[in-house]
Protein chains: 2
Amino acid sequence: MAGGTRELIVDLGERSYPIRIGAGLIAELGRMLTERKFPVKSPILLVTDSSVERLYAPGAEESLRASGFTVARAVVPSGEASKSLEMLDVLVEKALQAGLDRKSTVIALGGGVVGDLAGFAAASYMRGVKFVQIPTTILAHDSSVGGKVAVNHRLAKNIIGAFHQPEFVLFDLDTLASLPDREVRAGLSEVIKHGLIWNADFVAWCEENAERLLALDADALGYALYEGCRVKSIVVSRDERENDLRAILNLGHTIGHALEAVAGYGELLHGEAIAIGMVGAARLAGRFGYSAEIERTTERIFRKFGLPVRIPDHLATDRIMSAMLHDKKFSEGDMVFVVPTAIGSVEIRRDVPSAWVTDIVNGLREGN
Amino acid sequence: MAGGTRELIVDLGERSYPIRIGAGLIAELGRMLTERKFPVKSPILLVTDSSVERLYAPGAEESLRASGFTVARAVVPSGEASKSLEMLDVLVEKALQAGLDRKSTVIALGGGVVGDLAGFAAASYMRGVKFVQIPTTILAHDSSVGGKVAVNHRLAKNIIGAFHQPEFVLFDLDTLASLPDREVRAGLSEVIKHGLIWNADFVAWCEENAERLLALDADALGYALYEGCRVKSIVVSRDERENDLRAILNLGHTIGHALEAVAGYGELLHGEAIAIGMVGAARLAGRFGYSAEIERTTERIFRKFGLPVRIPDHLATDRIMSAMLHDKKFSEGDMVFVVPTAIGSVEIRRDVPSAWVTDIVNGLREGN
């Protein structure tokens, strides 16, 4: 399988689309658009960020132009602050100046921020144009499946958005070589999450192949991204509009989001925060009488990937609890959590006593 | 039928919704939400504008509260400038402060501007919440069918938006009593347009009942709005995403939009500009060999409604032509127009020589 390209179909009826994972795929971008009969007369907007632009935008544009397409480039500052209505305004201006019409395409080249912003621009420009994603981070494997696109409001994250499925997703493994080590680990945290909710064999495989994955071995990484995307796409295709099942994707996120909010965005990467959150959820499983093996395995695998499994001491329990209650609009008393029932399987519990959660947050301290 | 409430279903499969037209309907708003099982626990955002607020917002809120709903009010300045991303930001802030959740509803109480802005807020807040429209202008009968919602960018109108169908539309005829006479006439221009593209009998009925309509006779107006909405809903239900048929709704709009753009928005009301545009389209019909009766009837009916049928002399032909070419991205040579083939029937022509259009614009001068 080494060097081979993998392809997966996200099954959403008439909105189904393929995810292609492999090396050197950016060079094939123009050809893929031609094969899929994207109209050459309609200009394309390539959206990227200031850290990715130099590395991959010229190659993507060259591939598009070689196939006869016209492409304009929009570069946003890298970082979460670019997920804003102000930046949407900038992209729309760029799209108008470049003459994008209703048959045009917006391509996102970058991580989750670029994907979310460019995706919302694609969803709303002329009430919706085509969208293609080229994720350049491991973490973005998660946001590239499911069609959730959004920008932030200063009072809330991801609050203004749409469901807008891409035409296809290209995961060029070569782009991952430039990722900082800490982002590699944090990205793999979401990959492992997909194993923990759905596929015990894949969890075992990740643990066995930790060194290869951390060394960015192309074949191991290609398989891990494929499997992560596959699990997410199964869940999403059964619940496109996020009514019920999709909630299981939030394993580790209730505590994780609270940690991010209290730490201030940036101190803990998202993947790090949810690793700690998944250990917390595994402890909840123990409270509900499920096997203690769940917690042992969860903690062991995250340690193996060099991810944090304890809450930094300076994040006070009462602030974490209040962030959680506010985030999820929990009333006093019971809380809702995704709780593992075994490795590879979870359930939604709406009867989690908030006192248990306080205990677990207190217990998950460095040194414990 | 006098005083009776009319109801029409816009047939869009699982997104179908009713339009209710009658007197005193705002007082029934809360009861309608209860009947339709809108959750009382989820707060409602009522969006209105500075000219409508005082007149109808208290009644709408009283009706909602009497049925147990919690409602917050957001008031935007009246006028096209409120269709902006800045105002979307304000509405989202208001929605967050009022605690709107995924099961909440945004209600638009006002004309087309409020409907478009509040509709886009409903489409994008938390990636989509429920939307209810209470149009308070005749013109808004048009925008209340079809689910097109949007805000403007300073470089282009309606360029950032979505297709988001309302749960229902309430047309309370009492709210039309406060409309200035000029807006009544301009609103009826779109109503007549729906007759011209689809229903010759309705055109004849409008002509016979012009005095009653202009006097805002409730039964005549109720019927005219019903028929206008019915024609639009037939067209929209056959082409929800605006792929082909829906283009016939643009009768009179190619010239009309150009006149609005050249005059500067405000000098000519939209309904006035398209009345002139429909006379122009009727002249094109003559060029294509269709009956001269089309032009005579079109011009006669708009004169009867006190609407303009000639282009103001200070709007230069070359500026109108260049606005048209730019708006529709026509290349030199042939242009695309909706052309009547008889009263009550139109076709899309892609072979309209631009020289004909120049002639017609030159000929449609005051004094001619």
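How many residue pairs are in polar contact across the interface of chain B and chain A? The rule finds 12, both residues at pLDDT 80 or more. A polar contact here is a pair of N or O atoms within 3.5 Å; within protein, one must be able to donate a hydrogen and the other to accept it, and residues adjacent in sequence count only if both atoms are side-chain atoms.

Some ground rules. This is a predicted model: local features need pLDDT of at least 70, side-chain atom pairs count only at pLDDT 80 or more, and totals for chains, interfaces and linings use all residues. Residues are numbered from 1 along each chain as its sequence is written, chains are lettered from A and ligands numbered from 1 in the order in which they are written, and side-chain values use heavy atoms, with hydrogens and water left out.

Back to the interface. On the side of chain B that touches chain A, α3 (85–97), α4 (112–124), β7 (148–153) and β8 (156–163) each supply at least two residues. Helices (H or I, at least four residues) and strands (E, at least two) are DSSP runs, numbered from the N terminus. The largest share, seven residues, comes from β8(B). By type, this side has 16 nonpolar, five polar and nine charged residues. Nonpolar means Ala, Val, Leu, Ile, Met, Phe, Trp, Tyr, Cys and Pro; charged means Asp, Glu, Lys and Arg; the others, Gly among them, are polar.

Next, area. About 2,700 Å² is buried between the two chains, and carbon and sulfur atoms give 57% of that. Buried area is the accessible area (1.4 Å probe) that two parts lose on being put together, summed over both. In chain B, the residues losing the most area to chain A are B:L85, B:R127 and B:I159, together 27% of what that side buries.

Now salt bridges: a side-chain nitrogen of Lys or Arg within 4 Å of a carboxyl oxygen of Asp or Glu. Between chain B and chain A the count is four. B:R154 forms one with A:D89, closest N and O atoms 3.2 Å apart. Over all chains, the structure holds 49. Inside chain A, A:R283 and A:E295 meet in one, 3.1 Å from N to O. A:R283 lies in helix α11 (residues 270–287) and A:E295 in helix α12 (residues 292–304), so the pair ties together parts 12 residues apart in sequence.

Last, B:K130, in strand β6 (residues 130–135) of chain B. A polar atom of the B:K130 side chain lies 3.3 Å from the backbone oxygen of B:K103.
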